[in-house]
Amino acid sequence: IARDFRVKNTMHSCGYINERPLRELARYLDAADIDLKAFTEDFYSRICGGRLKPVLDSLVVLRREGVWLEITNLVIPTLNDDPKKIHEMCRWIVKNLGSDVPVHFSRFFPHHKLNNLPPTPLETMQDARKAALEAGLEYVYLGNLRSEAENTVCPKCGLALIERSGYAVRKNVI
């Protein structure tokens with residue numbers, strides 16, 4: 001019904017869904033943002049009470065079904081901020097989903113059950129972005145902080161196509 005009125009259907013999810021219902025849901029989705037919380041089974045088991053593989057499988061299914069896909073990773077100090085694991089995650093994304101899948105690294109702030117941890121250092125955020133770019137990802141963003149890494153830049157010529165400040169678009173030349 002939404003599409004009949006030119007309304008796009010989007011989903012933000014942890015990606016923990018069985019393949020059959022996901023394929024059925026994908027028929028109605030225009031875009032999905034999936035939280036890839038870490039790239040280790042230990043994190044998913046200990047922190048999320050789940051497993052990593054079903055999330056990776058969901059990412060592949062959404063991409064194959066033609067759903068516009070973006071990935072968000074909340075970078076949490078001491079839990080999922082290992083630069084080598086971030087680089088490994090990004091290489092997996094390039095190999096299995098493509099270099100053009102946007103990845104958003106979000107800065108963590110203490111809250112709820114993790115209020116004993118500090119905010120993610122800015123340097124850690126910059127290192128995550130650097131690891132993603134080195135792995136071959138073309139669209140890598142930093143969130144929950146103000147930086148040039150909020151902008152969409154052409155991976156070929158470096159032109160800033162969309163300039164953002166938080167949730168506000170300051171310039172759009174597309």
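## Terms and basis of the model

A residue is called buried when its relative accessible area is under 20%, exposed when that area is over 50%, and partly exposed in between, with a 1.4 Å probe and only protein chains taken into account. By this rule Glu150, with a relative accessible area of 11%, is buried.

The structure is a predicted model, in which local features need pLDDT of at least 70 and side-chain atom pairs count only at pLDDT 80 or more, while totals for chains, interfaces and linings use all residues. Residues are numbered from 1 along each chain as its sequence is written, and side-chain values use heavy atoms, with hydrogens and water left out.

## Overall build

The protein chain holds 5 helices and 8 strands, where helices (H or I, at least four residues) and strands (E, at least two) are DSSP runs numbered from the N terminus. Read from the N terminus, the elements follow the order β-α-β-α-α-β-α-β-α-β-β-β-β.

The radius of gyration of the protein chain is 16 Å, in agreement with the value near 16 Å for a compact globule of 174 residues; this radius is taken over C-alpha atoms, and the globule rule is 2.2 Å times the number of residues to the power 0.38. Along the principal axes, the C-alpha trace spans about 45 × 40 × 30 Å. Of the 174 residues, 42% count as buried. Among contacts (heavy atoms within 4.5 Å) with a separation of 6 or more, 53% are made by residues 24 or more positions apart.

## Surface and charge

The protein chain exposes about 10400 Å², of which carbon and sulfur atoms supply 52%; accessible areas come from the Shrake-Rupley method with a 1.4 Å probe, and for residues only the protein chains shown count as cover. There are 25 positive and 22 negative side chains, and the centres of the two sets lie 2 Å apart. In this count Lys and Arg are positive and Asp and Glu negative, with His and the chain ends not counted, and each charge is placed at NZ of Lys, CZ of Arg, CG of Asp or CD of Glu.

Two strands are said to pair if DSSP finds at least two bridges between them. Strand β2 (residues 31–35) pairs with β3 in the parallel sense over 5 bridges, and here Ile34 stands opposite Ile71 in β3. Strand β3 (residues 68–75) is also joined to β4 by 5 bridges, again in a parallel run, with Ser106 in β4 as the bridge partner of Leu74. Strand β4 (residues 103–107) is mostly covered, since 4 of its 5 residues are buried.

Leu36 lies in the loop between β2 and α2 (41–48) and counts as buried, at 0% relative accessibility. Leaving aside neighbours within four places in sequence, Leu36 has contacts that include Ile71, Thr72 and Asn73, as well as Tyr44, Leu52, Met89 and Ile93. Leu36 and Met125, which are 89 residues apart in sequence, are 16 Å apart in space, C-alpha to C-alpha.

## Strand β6 (residues 152–153) is joined to β7 (residues 160–165) by 2 bridges, and Thr152 has Ile162 in β7 as its bridge partner. The hairpin of β6 and β7 has 6 residues between the strands, and in it Gly158 takes a positive phi near 85 degrees.

Strand β7 pairs with β8 (residues 168–172) over 4 bridges, and Ala168 in β8 is the bridge partner of Ser165. These two strands form a hairpin with 2 residues between them, where Gly166 in the turn has a positive phi of about 65 degrees.

## Glu150 beside the sheet strands

Glu150 is found in the loop between β5 (140–143) and β6. Not counting residues up to four places away in sequence, Glu150 touches Tyr141, Leu142, Leu145, Arg164, Ser165 and Gly166. Among these, Ser165 is bridged to Ala168, and Gly166 lies in the turn between β7 and β8.
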